Amino acid sequence: MREKNRVQFSKTKLATLALVSLLSFSVIVIYAVTQTMISNYGSLLAITFSNAGITSTVPSEPCTFYVYCTALSGNLSHFIFGTNNTGSWVNDTAVAFAKGVTSAWANITKILNSTANMKVQWNVWANNTDNAWSALGTQTLTISASSLIEAKSGSVRDIQDAIDYAISIGAAGVQIPAGNWLFDANGNTHVSFNVPSNGFKIQGMGINETILHLADANESSASTTIMFQITGTSGGMLEITGITFRGRGDSNVNIGAGDVGIAVVSCRDFRIHHCRFDGKLGRDGIQVVAISWMGGNEAFGCRGVIDHCQFADIFVAKAFDRNTGWQYGVYVGWYAGFNPDLWVDDVWDVAGKYDDLNFSIYVEDCTFSEVRHAIVCEHGGVWVFRHNNVTSISDYYTSGSVDHHPYRSYGDGSRWGEAYENILMDEGLWIGSGGGLWFNNTINSRQHAYSIIQGETSDPNCYPRCAVQDVYIWNNTVINAPGGAWYISNQGRIDPVYYTRAPSAEQGEVDYEPYPYPHPLTLSGMSSQYSNLGFNTTQAGSDYTFNSLTLLATGSPTSFSYNKVAKLLMFDITFGNDKRQSVVNWETSASAISLNEIWPSILLTYQKVGIATCTAVQLMLRGKIPRVIWKNLAVLIHNIGKNFGPKSHFFVQHLVDMF
Amino acid sequence: MKLRRIIILVSAVAVLVVAAAWAVSYITFLNTGNLLKPEGDIGVYSDSSCTNEVTSINWGDVSLGTTKNYTTYIKNKGTVNVVISLNTTNWNPSNAKDYIQLSWDYDGRVLHPGDVLEVKFFLQAPSESHGITSFTFTAVIAVNV
């Protein structure tokens, strides 16, 4: 409340002053004071919250509510989760954080209410060790209209019909049945839709369970077919999981042609996970763009994560042409051509970030083999490539595993990329324009570890967008680089600018912190997750060593009741023709199953497996378990040896019935 | 006779003119007399056009160890030059005054009548909570003429 207090003067003093004024006829200034009062109020936050989100809006399905908590003083102590998901507000009992941490995720999984379109509110309160509490603030989600609609088959027509019907009734998405389906797409005949504002999910039954394969004989000259083309300018979340996208083989792919598994166009918070892309697709496993002529909105951008996917055998030698052949695992491009308005001027606005960015693509926990590049980016894209395993790059044309594409006559190059914690078996890192961070990678290259080459342009007006700058490289392990670890070239233009250190605020940059790993969108337990799965073979004749394989299912609720007995029968690991099989014979003694603990009966140990030659490695699970466990299953491989060979492959398969 | 009338008329006019002049002076004096009680009068606004008066500031959630700022526009609404000063009072809880600091970037310059000056207020939170979860206090801007 504002008040004014005036200083009071005595009548005598005023009379005297008035007399003096009367006599002098002059203006007289006297001392006076007023006061203006402004009330202030607020709260002190001892805990800050970031990256709050959910993993599902599907009715009657598990949904993980998550938020990243940071104690600003002391350590984190406890958090309380509250929601009205049951129809009335309930606060859970306090959950303790791990001792001695200042930052951690607060995760709670609940089975969502079965009521379609219900608005569910939730909140998280957390305290520090000084018992100072702070609140996230009320969050709201809307439960989807219904669960998934089953497609009749994996044909283009049946999938499209199921999608159209699901969207028309507000369903959460579509499920494609298991099978090796002929995906009879050709050119513009493909699956295509706009994500509704309440989000949409396409779910197969798992890698190599639901296979969509392009025709391999009925096209003499294959055009570029995009199997799934999805636009998301409504802002609805997109999720695709559990599908193998298989190309037409190399017999019908001509120079410059090729097919695409999924094109994601202007989606917000999309997630593609546990999918496989193989069979010589020839163009890209996944394209991520916001290009207007593809139906996108360039200002709206595109943002999401690709995780736990396998990209294998994309490269088609006979179709390769340096200028027209793509043959990438993941292609990232923000806009068409040049766009100085969308080009990020200050890289520190995007480094280590995701939330609030219009364009940001994360690729993590994926495997790549026989691709031209595992990831390539151009047209101003911003991306992060982390915790991936690139086992082989095509021999046909030497290029980087990770490619920051240069500025060229047809458009801007990559703007900003972060590559860290990757195992790059065959090729190193390559940059032609823009900037990025390369750190904590293990590189075993057949040529160079780091190629820094000024972009391919003679346009005198392109700088600084075509310049290689803001590049930071540190703490990588280079096992092999016969051409020399570094290849630096200015191509006769300006010298690229790079630093062999981390960025630092003291240097006028920022004290860089990676975005939380795993990406919050991957906390969903939508299908099997093979965490930390990294096979690496030794050089021929050397030993391959790891100490244990551990099967672990995590999640919440931590126990389930079923009227069927869950079993895991076998756990095979195969090195070439050398199969090592463990008979697990694990089953539930009753109909109750517990999660969040390592299942001791299926703790497996292999030691010092010798490999004589370059070898394919295969892991297979067999059994019959509840779907909810399969969704949360993780295979942890510990103590992997450190020697990597030039050619190795691994495949992960499962033959698990779900109920 | 006629001349005398003219002289009398002119004299009367002169008297009236003098009287009028005196009256004008008196009126002027009265106006001057109002200035005998000059008051510094300021307004605090959230917009540079000085239409939205600030009577309270909601600082929201302030993270420990951080500083938030709030931009105001202070206008000298009076007729004299003023300088202003800042103080705080009525803290709740009372110990909050020991840990939470309110300051501004006003540099002590003289505000002339009609002047509008952008002034930022800064609220600095302590690095530890000291048991304080929420707070209220009054900011006092003294206007010195």
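Modeller: Let's open with 10 strands of chain A that form an open sheet in the order S13-S16-S19-S22-S25-S28-S31-S34-S37-S40, paired in parallel. This is a predicted model, where local features need pLDDT of at least 70 and side-chain atom pairs count only at pLDDT 80 or more, while totals for chains, interfaces and linings use all residues. Residues are numbered from 1 along each chain as its sequence is written, and chains are lettered from A and ligands numbered from 1 in the order in which they are written.

Biologist: Why are S13 and S40 of chain A said to stand at the edges?

Modeller: Strand S13 (179-183) and strand S40 (477-480) each have a single partner strand, so one side of each lacks a neighbour in the sheet.

Biologist: What makes S13(A) and S16 of chain A a pair?

Modeller: Two strands pair if DSSP finds at least two bridges between them. S13(A) and strand S16 (residues 210-214) run parallel and are joined by 5 bridges, so they pass that test. Within this pair, Leu182(A) stands opposite His213(A).

Biologist: Which other strands of chain A form an open sheet with parallel pairing?

Modeller: An open sheet of 10 strands runs in the order S14-S17-S20-S23-S26-S29-S32-S35-S38-S41 of chain A. Strand S14 (191-194) and strand S41 (486-489) are at its edges because each has a single partner strand. Inside it, S17 (residues 226-231) and S20 (residues 259-265) of chain A pair in the parallel sense over 5 bridges, and Gln229(A) has Ala263(A) as its bridge partner in S20(A).

Biologist: Why is strand S12 of chain A called largely enclosed?

Modeller: A residue is buried if 20 or more other C-beta atoms lie within 10 Å of its own, exposed if 12 or fewer, and partly exposed in between, with C-beta atoms placed from the backbone. In S12 (residues 171-175), 4 of the 5 residues are buried, so the rest of the structure largely encloses it. S12(A) also pairs in parallel with strand S15 (residues 200-203) of chain A over 3 bridges, where Gln175(A) stands opposite Gln203(A).

Biologist: What touches the most other members in the largest nonpolar core?

Modeller: Met227(A), Val264(A) and Ile375(A) do, in a core of 158 residues. A nonpolar core is a set of buried Ala, Val, Leu, Ile, Met, Phe, Trp, Tyr and Cys residues joined through C-beta atoms within 7 Å. Strand S3 (residues 62-71) of chain A gives the most to this core, with 6 residues.

Biologist: Which residues does Met227(A) touch, not counting those up to four places away in sequence?

Modeller: Among them are Phe183(A), Leu212(A), Phe245(A) and Ile262(A). Contact means that C-beta atoms, placed from the backbone, lie within 7 Å.

Biologist: How many helices and strands are there in chain A?

Modeller: Chain A has 3 helices and 53 strands, where helices (H or I, at least four residues) and strands (E, at least two) are DSSP runs numbered from the N terminus. Buried residues make up 48% of its 659 residues. Chain B has 1 helix and 7 strands, with 18% of its 145 residues buried.

Biologist: How do you know what the confidence is in chain A?

Modeller: By pLDDT, the predictor's confidence in each residue, from 0 to 100. Chain A has a mean of 77, and 69% of its residues reach 70 or more. Over residues 524-550 of chain A the pLDDT is below 50, and it is also below 50 over residues 634-659 of chain A. Where pLDDT is low, the predicted coordinates should not be read in detail.

Key:
Contact = placed C-beta atoms within 7 Å.
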